[in-house]
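Can we walk through this structure feature by feature? I would like to learn how to read each one.

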Amino acid sequence: MKAVLVCKGLSFAVLVGLFLVTPALGQSAAESAYRSGDYASAKAHWEVELLDLEGAEARGAVLYNLGNSAFRDGLFLEAVARYTAAIDHSPRSADYWANLELARSRAGLEAADRGDLAATAERLYTLLRVPELETLTFAILALLAASLLWEALRGSRTSRALATLLFLSLIGVAGLRTWRVETIPFNRVMVTFDGGASLRSEPSLELPVILHLDPGAIVERTDTLLGWMRVNSKGTSGWLEAPQVLELD
Amino acid sequence: MSDQKQFWTRYSLLAWMLFASLGLAGSARAQGELRVTAGLSTGIAKLGEAIQIVVTIEGSLNGSIGELPKVAGLVIGPAPNPQQRRQTLVSNGRIQEVVRTTWGIPVRPSVEGEYEIPPFRIEAAGTSYETPVMRLQVRKDMQGAELGMMNVEVTPSKIVVGQPFEVVVTFGWDQAIANQINYQDLSLPWWGQLPGAIDIEGSSARALGRDYAESRLNNNMLVEVERLAPTQGSGRTFETFQLRRSFLATTPGSVRIPTSHLAFGQRRNVGFFAPATPADLYYVAAEPLDLIVGTVPDEGRPAGFLDAVGSVSVRAEVDSREVNAGDSIKLRLEWTGDGNLEFFTLPNLAHMEGLDGINFYGATDVVKERGRRVSVFDLAPQSELVTMLPAIPLVLYNPLTESFETISSKEISIRVHALEGLGTLEDSAAAALADIRDIRTGEHPPEESARLPDPDFPWKSGGATGSILLVWLGLRRQVRKGGEPGAPLERRRRAARRALGRSLKAAQTSQERLHAFGAFLSARSGESDNAWIGRDLDPVLGDQADDGVMRLAATLDALDLAVWAPDATLGPSDGELQDVARMLVSSDLVQVAATLREAV
């Protein structure tokens with residue numbers, strides 16, 4: 001009887017162990033491949049993992065790891081694209097920024113954060129992601145509702161000042177969110193080909209080049225065709241060879 | 001040298017002509033590559049000399065000449081068949097077709113005099129253009145060449161498309177007759193009408209701070225000319241002047257600069273309102289010039305070629321040779337020479353080798369003018385191991401040697417101090433800068449935030465804001481029906497109730513509770529703290545008594561009873577006392593107290 005109980009206990013422990021270990025197996029495989037220097041395998045594992053991830057932080061972490069794989073492989077432009085995408089998901093991560101700057105430096109690109117006023121302003125207004133700005137908007141709305149309730153019941157000067165301040169904050173945050181949604185396209189791609197990419201009027205190598213995009217240039221993807229991608233660069237639309245660019249998720 | 005008075009009446013005409021010329025050029029530019037020019041082969045001619053009006057359409061083989069004007073003393077036309085030229089170029093891997101149609105319309109002067117040929121129409125690619133007014137002087141003879149000198153040169157002598165060039169006109173007259181010269185006119189028929197090239201802005205002699213004088217040009221305008229030192233020639237000493245005009249070559253092939261003339265001498269003024277009349281005028285001519293415009297060859301073109309053309313030299317300097325790591329150094333490069341300095345693209349140092357450890361933050365042009373360009377490159381060395389700013393190369397095509405050349409600025413040694421607390425590159429902090437940070441491992445956070453913007457956000461946020469504002473307005477209106485809650489009286493009432501609550505909470509005995517309630521009533525009626533202790537309320541009680549006063553009397557009786565007969569009753573609770581207080585804050589206790597005092 002004791003033996004049966006011991007066996008059942010062991011079986012349960014093994015099952016629990018498997019249950020706990022299994023979710024980490026994918027990561028372990030990628031991580032172990034990365035640690036052993038097999039960056040191609042690590043990249044493949046993380047790319048598969050990326051397909052099922054929906055959360056911003058999780059995608060940011062996997063994109064960051066993909067950036068590290070590319071960097072170790074000497075593919076600095078691809079690393080730049082991966083880190084840029086990761087920062088879109090986690091803009092406040094110091095690690096992501098550090099690796100992005102190093103990768104840009106190795107790729108011969110200008111620093112992402114040049115340290116001047118414009119770059120600092122850009123860092124500030126991209127500190128929060130759009131969904132975070134939306135959450136913040138509703139939080140301010142809740143506080144505004146409370147302050148207006150206070151104002152309606154008690155009518156003090158402080159309550160009116162607080163309500164005004166919160167209303168202005170609401171307009172600012174909601175306006176920033178709307179501006180970012182309107183001005184920063186979601187479907188962006190980065191030129192990761194060392195020689196840059198050639199924009200053509202139609203998806204054919206026979207047609208003349210209408211614009212040359214430098215390595216690291218970020219443009220909006222508007223359409224895709226087998227082996228080709230239609231993009232919009234500052235008002236100029238044309239077709240690029242798909243392998244010359246990488247999508248920023 | 002002046003003789004400007006008679007020009008005042010013509011200034012308005014001149015302004016209209018300039019506008020017309022600009023309009024002609026502007027409309028031509030609006031057609032893309034299409035450009036129409038028209039000018040005389042010479043502005044001053046001897047009687048009987050063969051002259052032509054040269055009309056050129058660049059960018060189209062499809063054009064025609066409208067009805068030619070009739071001018072007494074001149075026989076103009078008929079227009080011959082046009083010369084058409086078509087040339088195919090390969091530039092930057094792209095095929096470009098250059099076409100040009102040219103007419104040489106004959107003009108035969110039959111009488112000596114000064115003529116104005118009015119505008120006539122030119123049809124080009126379906127668009128109608130109008131020529132500018134052309135002026136022609138016809139003389140029986142043109143003597144005096146030995147008393148004057150005139151020379152027209154083009155610099156540089158060999159150019160390619162996209163390269164600026166200068167036409168330099170040097171002229172003057174014998175110093176021995178200089179005091180007799182009060183009139184001179186440059187006849188430059190190519191001024192503003194040079195096929196195959198467009199005018200570009202140059203600096204005048206005055207702008208360059210040189211000694212200058214004013215000269216008539218084409219008998220209809222004044223220009224500033226530089227006064228040079230006297231020159232020797234043919235055994236004479238000449239008073240010498242110089243005029244420069246810059247052009248940009250736009251199409252390959254030949255650019256012809258027609259015959260230029262200088263007329264100089266003396267004019268007599270008959271009266272204040274009468275025009276000046278010429279007398280004893282001398283003429284000197286400069287032969288026409290042909291300039292060959294080539295193209296930059298595709299063969300052997302280096303990858304780093306950024307359309308720089310000409311013969312250029314470079315000088316480099318920095319604003320500081322000693323900086324902290326990460327601090328900016330402004331590298332100032334000055335290019336000078338006969339090149340298209342205004343037009344070439346600056347080298348992008350972000351893609352340059354040899355800049356390891358140096359961040360490049362961009363370049364700005366400080367000076368951009370004919371013959372000189374100054375650009376400032378913003379660089380930031382990142383560690384103390386950087387000891388040299390590398391040479392900055394510029395690939396250019398030199399038409400004189402017909403080869404691609406690379407000119408480089410000199411390397412500049414610098415000293416970079418490590419940041420305090422960061423140590424050297426061997427230190428871990430700096431070493432971290434040289435390598436990427438490690439991958440993220442472990443489980444993902446259990447609660448993941450949304451990745452994409454909410455498409456319904458505008459409706460949700462707008463609706464919520466609107467609802468909150470509506471509720472607030474409704475509630476506010478309802479509350480204010482009973483008075484303004486922020487008014488001083490309302491605030492004092494609330495403060496009195498809060499004070500009563502605190503006193504009742506602190507009270508340990510019925511006596512203390514009675515005194516706390518008494519103090520509340522005294523504060524409301526403006527009396528001393530004990531005024532309501534033991535007070536008889538009968539004078540204000542009766543059938544007409546207020547509910548609040550009735551309840552107050554009952555409450556005070558109950559409190560009294562609790563004080564003096566503690567075993568019989570516990571007295572009203574704190575909640576009951578607060579209810580009475582809430583009722584009383586709206587009652588006029590001051591009036592009640594006054595009535596009671598009068599009764600006593």
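Predicted model: local features only at pLDDT ≥ 70, side-chain atom pairs only at ≥ 80, totals over all residues.

Q: How many helices and strands does chain A have?
A: Chain A has 8 helices and 7 strands. Of its 249 residues, 35% are buried.

Q: What share of the contacts in chain A joins residues 24 or more positions apart?
A: Take the contacts with a separation of 6 or more. Residues 24 or more positions apart account for 50% of them in chain A.

Q: How do I read a helix pair? At what angle do α7(A) and α8(A) pack?
A: Begin with angle and axis distance. Helix α7 of chain A spans residues 130–154, and helix α8 of chain A spans residues 157–183. They pack at about 160 degrees, and their axes are 9 Å apart. Angles over 145 degrees count as roughly antiparallel. So α7(A) and α8(A) are roughly antiparallel to each other.

Q: Is the crossing of α7(A) and α8(A) left-handed or right-handed?
A: The crossing is left-handed. As for residue classes, the contact of α7(A) with α8(A) has 18 nonpolar, 4 polar and 6 charged residues.

Q: Now another pair. How do α3(A) and α4(A) lie, parallel or antiparallel?
A: Apply the reading used before. The axes of α3(A) and helix α4 (residues 76–89) of chain A come within 8 Å. They cross at roughly 165 degrees. That makes the two helices, α3(A) and α4(A), roughly antiparallel. The crossing of α3(A) and α4(A) is left-handed.

Q: Which residues make the contact between α3(A) and α4(A)?
A: From α3(A), they include Ala56(A), Gly60(A), Leu63(A), Gly67(A) and Phe71(A). From α4(A), they include Phe76(A), Ala79(A), Tyr83(A), Ala86(A) and His89(A). By class, the contact of α3(A) with α4(A) has 11 nonpolar, 3 polar and 4 charged residues.

Q: How do I read a chain contact? How many residues of chain A are in contact with chain B?
A: Count each side, then ask which elements supply the residues. Here 41 residues of chain A are in contact with 31 residues of chain B. On the chain A side, α1 (2–35), α3 (56–72), α5 (94–106), α7 and α8 each supply at least two residues.

Q: Which helix gives the most to the side of chain A that touches chain B?
A: α7(A) gives the most, with 12 residues. By class, the side of chain A that touches chain B has 21 nonpolar, 10 polar and 10 charged residues.

Q: How do I read a sheet? What is the order of the 6 strands in the open sheet of chain B?
A: Strands of a sheet pair through backbone hydrogen bonds, either parallel or antiparallel. In this sheet of chain B the order is β28-β29-β27-β25-β31-β32, and the pairing is mixed. The edge strands are β28 (358–369) and β32 (403–408) of chain B, each pairing on one side only. From one strand to the next, the twist averages 30 degrees.

Q: How many bridges join β28(B) to β29(B)?
A: There are 9 bridges between β28(B) and strand β29 (residues 372–381) of chain B. These two strands run antiparallel. Ala363(B) stands opposite Phe377(B) in β29(B).

Q: How do I read a single residue? Where is Gln578(B)?
A: Find its element, then its surroundings. Gln578(B) is in helix α7 (residues 574–584) of chain B. It has 16 other C-beta atoms within 10 Å, so Gln578(B) is partly exposed.

Q: Which residues is Gln578(B) in contact with, leaving aside its neighbours within four places in sequence?
A: Gln578(B) is in contact with Arg497(B), Leu500(B) and Gly501(B). Gln578(B) and Arg498(B) are 80 residues apart in sequence, yet 9.4 Å apart in space, C-alpha to C-alpha.

Q: Is Ala506(B) buried or exposed?
A: Ala506(B) is exposed, because it has 10 other C-beta atoms within 10 Å. Its place is in helix α4 (residues 488–506) of chain B. Ala506(B) and Ala516(B) are 10 residues apart along the chain, with 9.3 Å between their C-alpha atoms.

Terms used: Residues numbered from 1 in each chain as written. Chains lettered and ligands numbered in written order. Axes fitted to C-alpha atoms, helices over the stretch in contact; angles between N-to-C directions. Helix = DSSP H or I, 4+ residues; strand = E, 2+ residues; numbered from the N terminus. Parallel < 35°, antiparallel > 145°, perpendicular 65-115°, else oblique. Left-handed = near helix turned anticlockwise from the far one by under 90°. Nonpolar A, V, L, I, M, F, W, Y, C, P; charged D, E, K, R; others polar. Buried ≥ 20, exposed ≤ 12 C-beta atoms within 10 Å, placed from the backbone. Contact = placed C-beta atoms within 7 Å. Pairing = 2+ DSSP bridges.
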